[in-house]
Number of protein chains: 2
Amino acid sequence: MSTRFRRLALIGIGLIGSSIALAARRQGLVESIAISTRRPETLEEARELGLGDVYTTDPAEAVRGADLVILCTPVGAYEAVMEAIAPALEPGAILSDVGSVKRHVVRTVTPHVPEGVHFVPGHPLAGTEHSGPSAGFPELFVKRWCVLTPEPEVDRKAVQRLVAFWSAMGSQVETMDADHHDMVLAITSHVPHLIAYNIVGTVADLEEDTQSEVIKFSASGFRDFTRIAASDPVMWRDVFLTNRDAVLEMLGRCLEDLSVLQRAVRVGDGPGLEALFTRTRAVRRSIIDAGQDSAAPDFGRPHEQAPAPQEHYVREHGGGDDA
Amino acid sequence: MSTRFRRLALIGIGLIGSSIALAARRQGLVESIAISTRRPETLEEARELGLGDVYTTDPAEAVRGADLVILCTPVGAYEAVMEAIAPALEPGAILSDVGSVKRHVVRTVTPHVPEGVHFVPGHPLAGTEHSGPSAGFPELFVKRWCVLTPEPEVDRKAVQRLVAFWSAMGSQVETMDADHHDMVLAITSHVPHLIAYNIVGTVADLEEDTQSEVIKFSASGFRDFTRIAASDPVMWRDVFLTNRDAVLEMLGRCLEDLSVLQRAVRVGDGPGLEALFTRTRAVRRSIIDAGQDSAAPDFGRPHEQAPAPQEHYVREHGGGDDA
């Protein structure tokens with residue numbers, strides 16, 4: 001089975017699209033890359049970065065002759081993209097995407113997929129808080145999960161070729177049902193992002209002088225929420241518009257638990273608080289055991305060197321007013 | 001003014017206490033260090049690590065002859081510690097602490113402080129998710145804030161000496177009112193920790209097979225919450241027991257905002273969601289501008305190298321079943 005594709009068409013060229021272009025090229029997975037994006041400035045940026053071989057603002061032109069087409073636009077644009085590209089898709093081509101929600105994508109895309117085209121939805125669990133074609137880098141997918149959610153009737157060989165494509169870019173690939181994907185991602189990703197956006201929004205509403213102190217002292221926990229809440233706004237809007245049911249279900253569970261916790265704080269329930277805070281450590285240990293994070297201290301950021309000893313602050317024999 | 005102390009007494013020798021011992025020694029800030037802790041095993045660990053000069057389970061013995069005493073136990077133990085050490089504190093000594101809440105500490109400690117002892121509460125905004133004497137390292141405070149909250153009547157020279165002590169260990173030192181400290185920390189630190197503990201707790205209650213998938217795919221956001229929620233349970237219990245009012249006030253604001261956001265998801269308010277997600281980016285930028293974090297991608301963790309191209313996954317001329 002060959003994992004090499006004749007032509008890869010990327011519709012949309014943000015962080016994920018540009019990283020696929022760089023990784024697929026570096027790993028020798030494609031002969032040529034066609035890039036299509038709606039905004040001419042973005043297309044020009046992709047061209048200057050040398051991400052592809054063909055550049056066009058017309059997605060139908062990009063997919064002509066492509067045996068692998070990957071939708072990398074926000075999920076909200078899929079319907080319009082499919083209307084534009086469906087007549088130009090080659091028989092036998094594999095059509096995939098990188099959207100963060102999957103049931104909605106299956107519902108939206110499937111009716112447009114021509115006979116003989118294999119639709120295999122995908123979701124690489126990789127990203128940074130940066131967006132745009134210049135944010136991409138070829139190592140983005142290394143040791144990151146990529147979840148594929150093909151419907152049962154989809155051609156198995158097409159699925160295998162796409163598995164091999166993502167594996168060659170360094171991903172660990174897992175196949176599952178679209179609904180199950182959406183539920184697992186709601187709790188691992190969507191609700192954490194919603195909560196992070198929310199708390200950062202609360203801070204943005206504080207009086208100006210308090211806000212500036214919050215920023216100054218943000219390293220004590222808040223900083224990590226702001227990093228999560230700095231991801232692409234349009235992508236995240238679409239996630240919440242298209243995975244509403246799973247998000248509301250999981251958010252509802254969190255809010256129930258938060259009410260219990262809020263009450264424990266109000267009544268001063270020390271043993272209850274300590275029990276919860278101890279229990280959560282076990283989840284953390286499982287994540288380290290599963291190789292999903294390191295146990296390195298201080299949130300992964302390196303500590304600076306200590307200042308040299310005996311600098312001007314330190315005077316052994318004083319000389320000041322209380323020496 | 002000398003920043004060198006004759007004897008530093010550390011009551012409690014966890015992450016912060018052991019880091020103070022290492023940093024103060026390395027910077028030549030103290031002639032000798034007395035370490036006291038309640039549990040003999042912990043004391044033995046500190047001795048094996050060579051953190052001090054004198055080791056005792058009796059805090060009164062540790063503070064005898066000390067001109068700087070720093071309480072590094074959980075805040076919940078301060079009352080008992082003060083009852084034990086008050087008669088042994090030297091006139092002229094500076095008494096400080098490292099607790100994460102300050103108004104409660106002022107209320108608890110002040111009645112026990114003997115005439116002539118200078119009580120200057122402190123809070124180094126530094127830490128990792130690890131605890132215990134072996135978790136300490138001398139660079140922990142470098143470029144981190146240390147907030148001091150002396151009451152207005154406290155001796156200015158004592159405050160200055162403590163400022164110099166923390167500066168020499170690498171901290172940026174700020175002085176403010178205890179109530180103000182507690183409000184700012186409630187939103188930058190305490191509520192984020194409460195929310196992180198909460199969502200990790202929700203996951204701990206999921207069915208076992210879903211939970212194992214959540215752990216597997218945790219890199220998509222949840223992982224960063226578990227890191228926050230892995231901090232010392234007893235310390236955090238005491239934070240919520242002793243900064244209740246500010247925590248409930250700030251948590252209340254967050255919950256109001258979350259109700260609005262939940263409704264926006266339910267009714268599919270795309271423009272509202274996008275507006276919030278855009279607004280929060282500005283807060284993130286302020287934090288980077290303030291030097292409190294770097295703009296480095298992917299939550300600060302390095303990416304692994306990509307696999308070598310043309311490995312077994314990639315066969316240019318096929319040979320498999322669909323070549």
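The legends below describe close-up views of a predicted model. In this predicted model, local features need pLDDT of at least 70 and side-chain atom pairs count only at pLDDT 80 or more, whereas totals for chains, interfaces and linings use all residues. Residues are numbered from 1 along each chain as its sequence is written, chains are lettered from A and ligands numbered from 1 in the order in which they are written, and side-chain values use heavy atoms, with hydrogens and water left out.

**View 1. The largest cavity is lined by residues of chains A and B.** A search of the whole structure finds 2 cavities of 30 Å³ or more. A cavity is a set of points, on a 1 Å grid over the protein atoms alone, where a 1.4 Å probe fits but cannot get out; lining residues have an atom within 4 Å of a point. The volume of the largest cavity is about 80 Å³, a volume being the space filled by probe spheres set on the points, with grid points joined across faces, edges and corners. Among the lining residues are Ile195(A), Asn198(A), Leu251(A), Ile195(B) and Asn198(B). At least two lining residues each come from α7 and α11 (244–267) of chain A and from α7 and α11 (244–267) of chain B; α11(A) gives the largest share, 4 residues. Helices (H or I, at least four residues) are DSSP runs, numbered from the N terminus. The lining has 9 nonpolar, 2 polar and no charged residues, where Ala, Val, Leu, Ile, Met, Phe, Trp, Tyr, Cys and Pro count as nonpolar, Asp, Glu, Lys and Arg as charged, and the others, Gly among them, as polar.

View 2. Asn198(A) counts as buried because its relative accessibility is 6%; buried means under 20% relative accessible area (1.4 Å probe, protein chains only), exposed over 50%, and partly exposed in between.

**View 3. Helix α8 of each chain has buried residues covered by elements of both chains.** In α8 of chain A (residues 208–216), Thr210(A), Gln211(A), Glu213(A), Val214(A) and Ile215(A) are buried. Their cover includes α7 (178–204) and α9 (222–228) of chain A, together with α7 (178–204) and α12 (270–289) of chain B. In chain B, the buried residues of α8 are Thr210(B), Gln211(B), Glu213(B), Val214(B) and Ile215(B). The cover there includes α7 and α12 (270–289) of chain A, with α7 and α9 (222–228) of chain B.

**View 4. Aromatic rings pair in the model, and an arginine lies over the face of Phe5 in chains A and B.** The whole structure holds 15 aromatic pairs over all chains. Phe165(B) and Trp166(B) form an edge-to-face pair, with 6.2 Å centre to centre and 85° between the planes. Rings of Phe, Tyr and Trp (its six-membered ring) pair if their centres lie within 6.5 Å; planes under 30 degrees apart count as stacked, over 60 as edge-to-face and the rest as tilted. Both Phe165(B) and Trp166(B) are buried. One aromatic cluster is formed by Phe5(A), Phe141(A), Phe165(A) and Trp166(A). Arg161(A) lies over the face of Phe5(A), at 4.1 Å from the ring centre, and Arg161(B) over that of Phe5(B), at 4.0 Å. A charge sits over a ring if NZ of Lys or CZ of Arg is within 6 Å of the ring centre and within 35 degrees of the ring normal.

Notes:
Contact means heavy atoms within 4.5 Å. On a 1 Å grid over the protein atoms alone, a cavity is a set of points where a 1.4 Å probe fits but cannot get out, and a pocket is an open set with protein on both sides within 12 Å along at least five of seven lines; lining residues have an atom within 4 Å of a point.
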